Structures are given as structure tokens and as C-alpha cells.
Amino acid sequence: MRVVALLVGMRAACVLLASSWLAGTGADSSSSGRWWGIANLASSVNHLTDSKHVQLVLDPSLALLSRRQRRLIRQNPGVLHPIATGLHSAIKECKWQFRNRRWNCPTTQSPSIFGKIINRGCRETAFVFAITSAGVMHAVARSCSEGTIESCTCDHRHPGPGGPDWHWGGCSDNVEFGQAFSREFVDSSERGSDLRYLTNLHNNEAGRTMVYSEMRQECKCHGMSGSCTVRTCWMRLPSLRVVGDLLKDRFDGASRVVYANKGSNRASRRADPRHLQPENPTHKPPSARDLVYFEKSPNFCYYNRKMGTRGTMGRSCNSSSPALDGCELLCCGRGYRTQTEMVVERCHCTFHWCCHVSCLNCTNTQILHQCL
Ligand SMILES: *[C@@H]1O[C@H](CO)[C@@H](O)[C@H](O)[C@H]1NC(C)=O
Ligand SMILES: *[C@@H]1O[C@H](CO)[C@@H](O)[C@H](O)[C@H]1NC(C)=O
């Protein structure tokens, strides 16, 4: 009898463990992208830096980091700043890429930053994961070459042989370190083994792959009076705009995937990227650079608290554009109001030797259209 009671007790404990584990990783996926909360990092932390002597719990937004992420920051002094700036650049890039669309990458001051869209599995979710993971990789790789992270330097390896009139040298952006760091840091926010988990990890990696594959050779001439007798070349990161443009293309052509658990036995429940398969079996499997999603996007037309969409009311639109930024599409057919606004601009500027410019003030009327 006592053995049975013990067994029952153990089972109850297991169920308890399993359910609390699920609570943290289930459909709500509450830990997903939690690190984005450091976008709210007080700017004072910039010079506080992350030196060994500073407690990393001073800023409340750092409490959003996992233990592993905090350890990574401790082990790589100087890395907190590029993580935060990389995230900020990614947010800026997201807003730029989507400025003319119904979903324009809205962000909030709340720790979730991107709102409920990140708990979904649509194209927009995919873009957010890819660009933020790319942003961190980009900023960390650049900071290594600028010498502001203690644990990395310029990449001095040579990706190939030189040429007859040039050789490798100089300081390459440390894309390897940036990629490895982003993988460790960003991906450790994701937990589970389900479709959402695999999708988020795939899109994180897609962003990084885009940064990696857009590295370009850059050279500097040496020689008498600007002649280019000898050149030194190194590898340089693409701008985040280039990465954003390419990821936006992948957004438009993203692949819808399903979780395919073909032929795997129950013993191996580990998440395997091979389980991501195109929903349409006649399509090619997604490549490393493709963004993947698993559910349709909401239409983003209306405010919807449950979906976390703000709607397009009040957005300014272009009355003559037939595209997505046109009033017809952006306002979802609800119509728009037109206002004229007086704007004072500097005009008829003249340059006076030396050295000042004087201008007149011109008043122009500007016509503004806003969605109803
Ligand atoms: C509005 O759309 C038209 C047609 O696409 C374009 O030529 C024009 O530059 C746009 N105006 C603004 C302010 O973006
Ligand atoms: C133009 O406007 C600015 C402030 O709006 C004012 O300081 C300046 O004197 C004006 N210039 C002229 C030429 O009226």
C-alpha cells in the first residue's frame, strides 16, 4: 500500500512539474522574445556599461533577460550596449520597411515592445524575429572591430587568397563572433519543441544568414599621390538597410509551413528543423534565407484588443497611389478626411561670403489625408 501511495505521489509531482513547465512555454509563449524589453533600457546604462563591477540587475528591463543571457553579458564585457543599439536599429529598420503598410511595425513602451503580434505565427512575426536577430549580430560584429567588447577583436582571418595587386589586411567586422553571439543570446529566449519554436528559430537564423551573406570586400589604396599600386582589403558588414530590404523581399515571398513529424519515433522528441515542411507539398522546402510563418495575418484594418492590432484610423495615406500606401487600401475602404495645413519652410536661401546663409520664410499649404 505504501509503495502505491508513493507512486501516486510521484505521478502527481510529475504532472505538477509538467504543467508548470507548459505554463512557461505553451501557446502563450510568454518568454518568447522577452529580451526585446531591453529596448527600454535607461540611457544612463549606456555609460554604466556592463563592466564586471556593475550589478546587472540595476535596470528593471534587465530582469527580462534569462539567467543564460545575463551570464553571456557578464562574460562579454561591453556587449550590452551593442545588443541594445542593435535592437534599436532593428526596430527603426522595421518601421522604415513597413511605413506604408497597414501593419507599420508599431512598438510600445511595455516590455513586450512589439505587442501581441510576436505570440502569433504570421509573416509580421517572422520579420520581427529575423530583423532583431540580425540587428544584434550586426551591432556586435561591428563593435568587435571597433574594440568595444572585451572578448572579441577584428577578424584577422583571410577568407581567400589575395590578388596580384592587393592583399588581405586591415580589420574585418567580426561576423563570426556576431553570429555566434546572436545565436546564443537571441535564440535562448525561445523554448519548446513545437511549430512556433521551430519557426522563431528559423527566422532568427534567416536574419543572421542575410547579414553573413551580404558581407562585402572593401579595399583601400596605398601608393604615391593616390595611385593604387597596392591595395589592402578586408570584409565589411552590409548596412542594416540592405539586410532590411532583403528580409522585406523574403517577407513578401515567405513560406507557410507546417509541423511534419514524419518517420520520427516518439523517443526523439527533440525539435528538429527538418520538421518544418512547406504546407503545400509541391513547394520547395524553405531555404536558410526564407522567412517562414504558419498562420494567416490579421487584416490590421481595425483596432482589436485581443489580436493586439491598432487599426489604420488616423494614419496618413496617399490619395493618388494605387498601392498599399494609397488611401483606398490603407484605410480599408472606410474613406479618409482631407486637411490642408500651413507649413513654414525656409526658402530663397542665399549664401553670403563668408560664411552664412540667409533665407526667407515661405508659407506652403500641404494637403494631408487621414484614414477614417
Ligand atoms: C503618392 O503616390 C504617387 C503615385 O504612386 C507618387 O507619385 C507620389 O510621390 C506619392 N506622394 C507621396 C507624398 O508619397
Ligand atoms: C523665419 O521664421 C523664424 C521663426 O519661425 C524667424 O526666427 C525668422 O526671423 C524668420 N525669418 C524671416 C526672414 O522672416
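Trainee: Starting with the link of Cys94 and Cys105, is it left-handed or right-handed?
Mentor: The link of Cys94 and Cys105 is right-handed, with 105 degrees about the S-S bond. This is a predicted model, in which local features need pLDDT of at least 70, side-chain atom pairs count only at pLDDT 80 or more, and totals for chains, interfaces and linings use all residues; side-chain values use heavy atoms, with hydrogens and water left out.

Trainee: How far apart are the sulfur atoms of Cys94 and Cys105?
Mentor: They are 2.0 Å apart, and the two residues form a disulfide (a pair of cysteine sulfur atoms within 2.5 Å).

Trainee: Which parts does that pair tie together?
Mentor: Cys94 lies in helix H4 and Cys105 in the loop between H4 and H5, so the bond ties together parts that are eleven residues apart in sequence. Helices (H or I, at least four residues) and strands (E, at least two) are DSSP runs, numbered from the N terminus.

Trainee: And the numbering of residues and chains?
Mentor: Residues are numbered from 1 along each chain as its sequence is written, while chains are lettered from A and ligands numbered from 1 in the order in which they are written.

Trainee: Is Cys94 buried or exposed?
Mentor: Cys94 is buried, as is Cys105. Buried means under 20% relative accessible area, exposed over 50%, and partly exposed in between (1.4 Å probe, protein chains only).

Trainee: How many disulfides are there?
Mentor: The count by that cut-off is eleven. One of them joins Cys144 to Cys152, with the sulfur atoms 2.0 Å apart. The link of Cys144 and Cys152 is left-handed, at -95 degrees about the S-S bond, and both Cys144 and Cys152 are buried.

Trainee: What about Cys354 and Cys355, how far apart are their sulfur atoms?
Mentor: The sulfur atoms of Cys354 and Cys355 are 1.6 Å apart, and that pair forms a disulfide. Cys354 has 45% relative accessibility, so it counts as partly exposed. Cys355 is exposed because its relative accessible area is 56%.

Trainee: And Cys122, buried or exposed?
Mentor: Cys122 counts as buried because its relative accessibility is 1%.

Trainee: Back to H4. At what angle does H4 pack with H5?
Mentor: Helix H4 (residues 80–97) packs with helix H5 (residues 123–146) at about 135 degrees, and their axes are 7 Å apart. That makes H4 oblique to H5. Axes are lines fitted to C-alpha atoms, for helices over the stretch in contact, with angles from 0 to 180 degrees between N-to-C directions. Under 35 degrees is roughly parallel, over 145 roughly antiparallel, 65 to 115 roughly perpendicular, and the rest oblique.

Trainee: Which residues in H4 and H5 meet?
Mentor: On the H4 side they include Pro82, Ile83, Leu87, Ala90 and Cys94, and on the H5 side Phe127, Ile131, Gly135 and Ala139 are among them.

Trainee: How do H5 and H8 cross, at roughly what angle?
Mentor: The axes of H5 and helix H8 (residues 240–252) cross at roughly 160 degrees and come within 10 Å. H5 and H8 are therefore roughly antiparallel to each other. Residues of H5 such as Arg123, Glu124, Phe127 and His138 meet residues of H8 including Leu240, Leu247, Lys248 and Asp252.

Trainee: How many helices and strands in the protein?
Mentor: The protein has nine helices and ten strands. Of its 372 residues, 41% are buried. Among contacts with a separation of 6 or more, 65% come from residues 24 or more positions apart, where contact means heavy atoms within 4.5 Å.
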